[in-house]
Amino acid sequence: MIEDIQAAVPLGFLLSFMIGPVFFVLLETSATKGFRAGVSLDVGVIIADIVFLVIAYFSSFQLLENLSNEPGLFVFGGMILLVYGIFLFAKKPKKKSNVKVSKGTYLGLMAKGFLLNFINIGVLAFWLGLIIVVGPSLDNDPNRMMVFFSTVILVYFATDLIKIILAKQLKRYLTQERIVLIKKGLGIVLIICGIVLISKGFLPKEKFDIKEGIERMS
């Protein structure tokens with residue numbers, strides 16, 4: 001259980017810095033309207049992520065049951081991460097535009113955050129690919145998956161809180177050139193992860209048996 005939490009922490013931190021429309025709207029809202037407004041928007045974003053995560057889990061449940069011990073599972077999940085990484089790396093940067101944040105209640109900001117995230121179908125594809133990749137390593141155990149993804153979401157939210165507090169400083173340092181570099185860096189990470197998983201699907205299962213390797217070393 002502790003190992004699952006430790007594995008989830010860096011992933012949650014990484015997800016918080018996935019550059020997209022939500023990222024900039026969150027910084028803009030926090031810098032112009034304050035901490036509470038930023039938190040309200042972010043809560044809506046997190047709720048949308050949870051909804052997508054639940055949808056992805058139940059839509060992939062049967063697939064996990066059928067392919068939990070099959071190499072094709074790693075190839076499929078790896079392909080999703082590979083394509084998503086190539087998309088991030090190759091996507092041409094858009095011209096910088098000023099994001100306008102309309103006035104509204106905290107509930108309205110929460111709804112705005114939810115919709116901003118929910119209309120992005122790529123988020124659903126990402127959670128689906130992640131569940132398919134992570135599921136076998138957690139033995140498809142619902143309790144372990146709950147702990148893992150709950151930790152991811154909590155770390156994601158905690159990192160967002162730090163971003164909200166430092167919104168003005170972050171906004172100042174995020175130049176167009178740095179944003180492009182961050183996106184390309186994230187794309188490379190996802191591409192590498194995808195290639196590793198695809199390779200794993202074509203290699204004998206015993207080569208990745210960590211427990212057996214530890215026993216041999218001892």
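I started with aromatic pairs: rings of Phe, Tyr and Trp (its six-membered ring) pair if their centres lie within 6.5 Å, and planes under 30 degrees apart count as stacked, over 60 as edge-to-face and the rest as tilted. By that rule I found five aromatic pairs in the structure.

**Entry: ground rules**

I am working on a predicted model, where local features need pLDDT of at least 70, side-chain atom pairs count only at pLDDT 80 or more, and totals for chains, interfaces and linings use all residues. I number residues from 1 along each chain as its sequence is written, and side-chain values use heavy atoms, with hydrogens and water left out.

**Entry: the whole chain**

I looked up the secondary structure next. Helices (H or I, at least four residues) and strands (E, at least two) are DSSP runs, numbered from the N terminus. The protein chain has ten helices and zero strands. Along the sequence I read the pattern α-α-α-α-α-α-α-α-α-α.

Then I checked burial. Buried means under 20% relative accessible area, exposed over 50%, and partly exposed in between (1.4 Å probe, protein chains only). Of the 218 residues in the protein chain, 38% are buried. The chain exposes about 12900 Å², and carbon and sulfur atoms supply 69% of that area. Accessible areas come from the Shrake-Rupley method with a 1.4 Å probe; for residues, only the protein chains shown count as cover.

I also looked at contacts, meaning heavy atoms within 4.5 Å. I took those between residues at least 6 apart in sequence, and 86% of them join residues at least 24 apart.

**Entry: aromatic pairs**

How are the rings of Tyr 57 and Phe 58 set against each other? Their centres are 5.2 Å apart and their planes stand at 75 degrees, so the pair is edge-to-face. Is Tyr 57 buried or exposed? Tyr 57 is buried, at 17% relative accessible area. Phe 58 is exposed, at 61%.

I turned to Trp 127 and Phe 149. They form an edge-to-face pair, with 6.2 Å from centre to centre and 70 degrees between the planes. This pair links distant parts of the chain: Trp 127 sits in helix H6 (residues 121–137) and Phe 149 in helix H7 (residues 142–165), 22 residues apart. Trp 127 counts as buried at 2% relative accessibility. Phe 149 is buried as well, at 5%.

I noted one aromatic cluster too, formed by Phe 52, Phe 114 and Phe 118.

Helix H1 (residues 2–15) has 14 residues. I checked its length against the expected span, which is 1.5 Å times one less than the number of residues. H1 reaches 20 Å from its first C-alpha to its last, close to the 20 Å expected. Its buried residues include Asp 4, Ala 8 and Leu 11. H6 and H7 are among what covers the buried residues of H1.

A salt bridge is a side-chain nitrogen of Lys or Arg within 4 Å of a carboxyl oxygen of Asp or Glu. I found two in the structure. In one, Arg 144 meets Asp 4, with the closest N and O atoms 2.8 Å apart. Arg 144 lies in helix H7 and Asp 4 in helix H1, so the pair ties together parts 140 residues apart in sequence. Asp 4 counts as buried, at 5% relative accessibility.

Asp 160 and Lys 163 also form a salt bridge, at 2.8 Å from N to O. Both lie in helix H7, three residues apart, about one turn of the helix.

**Entry: helix H5**

Helix H5 (residues 106–118) has 13 residues, which should span 18 Å; its end C-alpha atoms are 18 Å apart, which agrees. Which residues of H5 are buried? I found Leu 109, Gly 113 and Asn 117. They cover an arc of only 65 degrees around the axis, which puts them on the same side of H5. The arc is that of the directions from the helix axis to the C-beta atoms. An α-helix has 3.6 residues a turn, so residues three or four places apart point the same way.

I followed up Asn 117, which has 6% relative accessible area. Leaving aside neighbours within four places in sequence, its contacts include Val 22, Asp 49 and Phe 52.

**Entry: Phe 35**

Phe 35 lies in helix H3 (residues 35–67). It is partly exposed, at 44% relative accessible area. Not counting residues up to four places away, Phe 35 touches Ser 30, Leu 161, Ile 164 and Ile 165. Phe 35 and Ala 167 are 132 residues apart in sequence, yet 9.1 Å apart in space, C-alpha to C-alpha.
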